[in-house]
Amino acid sequence: MSLTLLDRMLIIAQHELEAMQQGDIDSAISFFEERTELLSQVQENHDEANAEDCKVKLLALQGYHQLIYEEGLKLRDSIKESLQKNKTHGAVAKRYANNRGNNSHSYKR
């Protein structure tokens, strides 16, 4: 039973990674939550007879976890950069509006 759960976890981890790469945070969170629930089930239903197979699949899951983590860092940096650009554009627009407002007063005199 554990192998079936681990197989499902591997598939879900792949979907989670793809969602992260596409920037689909909601789906990634959903896949993460599903994967976490399956991990709890694996821990409850541990089967010693298939220990070597479990080890291989857990190592594969660890690899996916690392890739998902790295993708999360990239996504975080991308969002941070986007927010910084928006902040910069907002500041430029505000300065422009303020300068334009100050200049229009001088024409009224």
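Residues are numbered from 1 along each chain as its sequence is written, and side-chain values use heavy atoms, with hydrogens and water left out. Because the model is predicted, local features need pLDDT of at least 70 and side-chain atom pairs count only at pLDDT 80 or more, while totals for chains, interfaces and linings use all residues.

## Fold and burial

The protein has 3 helices and 0 strands; helices (H or I, at least four residues) and strands (E, at least two) are DSSP runs, numbered from the N terminus. Along the sequence the pattern reads α-α-α. Of the 109 residues in the protein, 19% are buried. Buried means under 20% relative accessible area, exposed over 50%, and partly exposed in between, with a 1.4 Å probe and protein chains only. Contact means heavy atoms within 4.5 Å. Among contacts with a separation of 6 or more, 79% are between residues 24 or more positions apart.

## Nonpolar core

A nonpolar core is a set of buried Ala, Val, Leu, Ile, Met, Phe, Trp, Tyr and Cys residues joined through side-chain atoms within 4.5 Å. The largest one has 16 residues, and those with the most contacts inside it are Leu6, Met9, Met20, Leu38, Val42, Leu61 and Ile68. Helix H1 (2-21), helix H2 (25-44) and helix H3 (51-108) each supply at least two residues of this core. H1 provides the largest share, 9 residues.

Met20, one of the core residues listed above, is in contact with Ile25, Ala28, Ile68, Glu71, Gly72 and Leu75, leaving aside neighbours within four places in sequence.

## Largest pocket

The largest pocket has a volume of about 160 Å³. Pockets were located on a 1 Å grid over the protein atoms alone: a pocket is an open set of points with protein on both sides within 12 Å along at least five of seven lines, whereas a cavity is a set of points where a 1.4 Å probe fits but cannot get out, and lining residues have an atom within 4 Å of a point. Grid points are joined across faces, edges and corners, and the volume is the space filled by probe spheres set on the points.

The lining consists of Met20, Ile25, His65, Ile68, Tyr69, Gly72, Leu73, Leu75, Arg76 and Ile79. H3 gives the most to this lining, with 8 residues. By class there are 7 nonpolar, 2 polar and 1 charged residues. In this scheme Ala, Val, Leu, Ile, Met, Phe, Trp, Tyr, Cys and Pro count as nonpolar, Asp, Glu, Lys and Arg as charged, and the others, Gly among them, as polar.

Ile25, one of the lining residues, lies in helix H2. Ile25 counts as partly exposed, at 33% relative accessibility. Not counting residues up to four places away in sequence, Ile25 touches Met20 and Leu75. Ile25 and Gly72 are 47 residues apart in sequence, and their C-alpha atoms are 9.4 Å apart in space.

## Salt bridges

A salt bridge is a side-chain nitrogen of Lys or Arg within 4 Å of a carboxyl oxygen of Asp or Glu. The whole structure contains 5 salt bridges, including those in the table.

| Pair | Closest N and O atoms |
|---|---|
| Asp7 and Lys57 | 2.2 Å |
| Glu16 and Arg35 | 2.7 Å |
| Lys85 and Glu81 | 3.4 Å |

The salt bridge of Asp7 with Lys57 links distant parts of the chain, with Asp7 in helix H1 and Lys57 in helix H3, 50 residues apart. Asp7 is partly exposed, with a relative accessible area of 31%.

The salt bridge of Glu16 with Arg35 also links distant parts of the chain: Glu16 is in helix H1 and Arg35 in helix H2, 19 residues apart. Glu16 is buried, with a relative accessible area of 4%, and Arg35 is buried, with a value of 9%. Leaving aside neighbours within four places in sequence, Glu16 is in contact with Ala28, Phe31, Phe32, Arg35 and Ile68.

Lys85 and Glu81 are 4 residues apart in helix H3, so they are separated by about one helical turn. Lys85 is partly exposed, with a relative accessible area of 48%; Glu81 is partly exposed, with 47%.

## Gln14 and Tyr64

Gln14 is located in helix H1 and is partly exposed, with a relative accessible area of 36%. Gln14 and Tyr64 are 50 residues apart in sequence and 7.1 Å apart in space, C-alpha to C-alpha.
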